[in-house]
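This report looks at a ligand site and at the nonpolar core of a predicted model. The sequence and structure come first.

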Amino acid sequence: MKKKNIAILGSTGSIGTQALDVVRAFPEKFSVSVLTAGNNVSLLIEQALAFLPKIVVIVNEKHYATVKEALAATSICVMSGESALVEAVELQEIDVVLNAIVGSAGLKPTVRAIQKGKDIALANKETLVVAGELIMGLVEQHNVKMLPVDSEHSAIFQCLVGEPSPIEKIYLTASGGPFRGMSTQELESVTLAQALKHPNWSMGAKITIDSASLMNKGLEVIEAKWLFGLEPNQVDVIVHPQSIIHSLVQFEDGSMKAQMGLPDMKLPIQYALTYPNRFKNDFKRFNFVDYPSLTFEKPDLESFRNLQIAYDTLAAGGNRCCVMNAANEVVVEAFLKNEVSFLGMSSIIEETLCQVKNQYNLSLEDYIAFDSESRRVARNLIFNTVKH
Ligand code: NAD
Ligand code: MG
């Protein structure tokens with residue numbers, strides 16, 4: 001494989017730092033062209049000095065001077081602001097943009113990167129949830145690769161290698177999160193600290209809460225629909241608490257293929273960067289006798305309403321998934337500040353969907369406008385719930 005130049009957006013996060021671990025392990029195969037972060041100045045500076053990219057972006061302009069000064073002795077170009085994120089991915093030498101930003105803030109840089117002919121390694125599932133139709137159209141138009149980093153989607157992608165025949169169905173596996181098996185009544189009193197303790201994965205705060213509420217699985221159903229060109233009823237969710245089978249594909253002859261391994265995001269990150277090759281690494285290997293039973297159960301769509309909401313928004317189309325995603329980002333942020341209860345999150349998402357009108361055939365600007373409007377509506381709803 002020819003050496004690849006990588007832009008890592010969101011390099012200071014959970015996926016971003018693990019991506020840099022992968023890059024560090026194969027210095028002859030990868031080189032870092034761009035690193036970006038929202039606020040984590042010290043880690044971004046440390047990463048920049050270690051990997052010496054061409055461009056570093058600190059999105060929060062308040063921190064520009066600190067980063068600029070710390071990197072003054074290098075030839076790294078330091079940029080700041082939201083627009084810098086979009087400009088940075090245009091750099092000629094970049095082969096692949098690994099988007100590990102959290103939330104719909106990842107949308108614009110993905111769009112620009114595709115327009116500039118870069119392959120995308122996508123961790124930022126919100127990009128496809130908000131604007132899946134637009135994004136997949138651009139992927140086709142510009143003939144770039146959309147390589148999934150999300151473990152379930154990487155699993156499906158790996159199962160599809162060498163398969164020219166259509167998919168009958170896919171099964172996305174879900175750990176069920178820390179509240180698996182709880183009734184609605186029990187969920188009424190769960191706390192932030194409990195929600196932050198995921199049984200199998202260590203991840204950023206937003207996706208950890210999304211995993212507890214099953215919104216993460218809802219977002220992944222939508223992500224899968226767009227990545228693999230499926231109808232919503234071809235995407236099923238099955239709870240598999242051990243997180244060893246990362247997802248399955250069922251073909252039209254009834255044959256099923258699964259991809260398995262210990263839960264470690266470094267593997268799907270590495271595969272997205274080495275595809276279609278596999279590089280030898282020393283990640284811990286799976287041992288069958290450590291897992292004498294792999295179990296499966298149906299997701300509880302009544303207690304965990306978010307998964308049902310996601311299916312409904314996907315079926316309705318138009319701006320629905322964009323509105324749901326924006327409202328979810330707002331309620332998760334509020335839940336992290338103890339401003340809304342665990343179940344209150346779903347209610348506010350539902351109410352936001354009622355208050356923002358649906359619209360079809362959307363441009364990038366339309367999606368961005370609906371994202372902002374939905375955030376305003378959701379914030380108002382929280383404000384009114386908190387005050388009265
Ligand atoms: P994280 O919170 O740990 O990191 C997010 C990164 O994005 C940080 O570098 C942060 O500085 C940057 N960022 C945050 N807000 C930003 C903004 N407004 N503009 C620009 N940059 C911003 O998140 P994470 O857990 O690494 O998740 C990143 C993405 O990957 C999410 O979409 C998540 O759903 C997806 N994902 C994560 C995991 C995981 O194991 N963590 C697994 C599958 C998918
Ligand atoms: Mg996942």
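The table gives the distance for each.

| Backbone N or O atom of | Atom of ligand 1 | Distance |
|---|---|---|
| Gly10 | oxygen | 3.2 Å |
| Gly13 | oxygen | 3.2 Å |
| Ser14 | oxygen | 2.8 Å |

Taken alone, ligand 1 exposes 830 Å², and the protein buries 84% of that; accessible areas come from the Shrake-Rupley method with a 1.4 Å probe, and for residues only the protein chains shown count as cover.

The model is predicted: local features need pLDDT of at least 70 and side-chain atom pairs pLDDT 80 or more, while totals for chains, interfaces and linings use all residues. Residues are numbered from 1 along each chain as its sequence is written, chains are lettered from A and ligands numbered from 1 in the order written, and side-chain values use heavy atoms, without hydrogens and water.

There are 23 residues around ligand 1, and Thr12, Ser14, Ile15, Gly38 and Glu126 come nearest; a residue is near if one of its heavy atoms lies within 4 Å. By class, this shell has twelve nonpolar, eight polar and three charged residues. Ala, Val, Leu, Ile, Met, Phe, Trp, Tyr, Cys and Pro count as nonpolar, Asp, Glu, Lys and Arg as charged, and the others, Gly among them, as polar.

Thr12 lies in the loop between β1 (4–9) and α1 (14–25). Helices (H or I, at least four residues) and strands (E, at least two) are DSSP runs, numbered from the N terminus. Thr12 is buried, because its relative accessible area is 18% and buried means under 20%, exposed over 50%, and partly exposed in between (1.4 Å probe, protein chains only). Gly38 sits in the loop between β2 (30–37) and α2 (41–51), and at 35% relative accessibility Gly38 is partly exposed. Leaving out residues up to four places away in sequence, Gly38 touches Ile58, Val59 and Asn60, where contact means heavy atoms within 4.5 Å.

The largest nonpolar core has 127 residues; such a core is a set of buried Ala, Val, Leu, Ile, Met, Phe, Trp, Tyr and Cys residues joined through side-chain atoms within 4.5 Å. Helix α14 (residues 320–336) supplies the largest share of this core, ten residues. Met324 is among the residues with the most contacts inside the core.

Conventions. Polar contact = N/O pair within 3.5 Å; in protein donor to acceptor, adjacent residues only side chain to side chain.
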